[in-house]
Amino acid sequence: MAAIRLAFTPLLPSLVRQVSRSPILSQMSWSKLLVCSSLMRENRFCSSVPKPQHQKVKVIFLLSDGRRQEVNAKVGDNLLDVITENDIDIDGFGACEGTLACSTCHLIFKQEDYDKIPDKPTDEELDMLDLAYGLTDTSRLGCQVIVTKDMDGLEISVPKGVADARSPQS
């Protein structure tokens, strides 16, 4: 990192002149650049990348034993990760850890919630779903459903049984 700072520091005056001519640069960005350039001259690190703020939405899982488990899900996570991170105990759930090699993270959505899922199932997911216990027209694999902002308040049913597609069929 020090080598990068040393290599970049002599270029700062030229960079500042070029950036100052830019009509796009906001006053805030300009002041941030000046602060960063002075810190770099002092051999201190400067970062202009803000810490990510993870937006969360409420998701409700309707478990097979009748319980409702409400959790806060991070936007951008898949539902398998949401269940794992919130320690929801579902027997056999996510056996392949999201590699699309089983059907144990099978979840069932209401039609209106199913329609909110932006990504449609791939052929590989549909093949795995064909082996899932209690398959419905609104079934998806949790490892393939990414949480979005408009999923706030989503209610998702967990099937009463689990069929692991990796197990030999009898």
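1. Start with Ile-60: its bridge partner in β5 is Glu-155. That pairing belongs to a set of four bridges joining β1 (residues 56-62) to β5, and the two strands run parallel. Bear in mind that this is a predicted model.

2. On another pairing of β5, the partner is β3 (residues 106-109), held by two bridges and running antiparallel. Here Phe-109 stands opposite Ile-156.

3. Have a look at the side chains along β5 (residues 154-157), which alternate.

4. Setting aside neighbours within four places in sequence, Ile-156 is in contact with Val-59, Ile-60, Phe-61 and Leu-62, with Leu-79, and with Leu-107, Ile-108 and Phe-109.

5. Ile-156 also turns up in the largest nonpolar core, which has 28 residues; along with Phe-61, Leu-79, Leu-107 and Phe-109, Ile-156 touches the most other members. At least two residues of this core come from each of β1, β2 (68-74), α4 (79-85), β3, α6 (123-129) and β5. The largest share is from α4, with four residues.

6. Of contacts between residues at least 6 apart in sequence, 63% join residues at least 24 apart.

7. Last, burial and surface. Of the chain's 170 residues, 35% count as buried. The accessible surface is about 10,700 Å², with 52% belonging to carbon and sulfur atoms.

How values were computed: Residues numbered from 1 in each chain as written. Predicted model: local features only at pLDDT ≥ 70, side-chain atom pairs only at ≥ 80, totals over all residues. Heavy atoms only, no water. Buried < 20%, exposed > 50% of the residue type's maximum accessible area, 1.4 Å probe, protein only. Pairing = 2+ DSSP bridges. Core = buried A, V, L, I, M, F, W, Y, C linked by side-chain atoms within 4.5 Å. Contact = heavy atoms within 4.5 Å. Areas by Shrake-Rupley, 256 points an atom, 1.4 Å probe, with all protein chains shown as cover.
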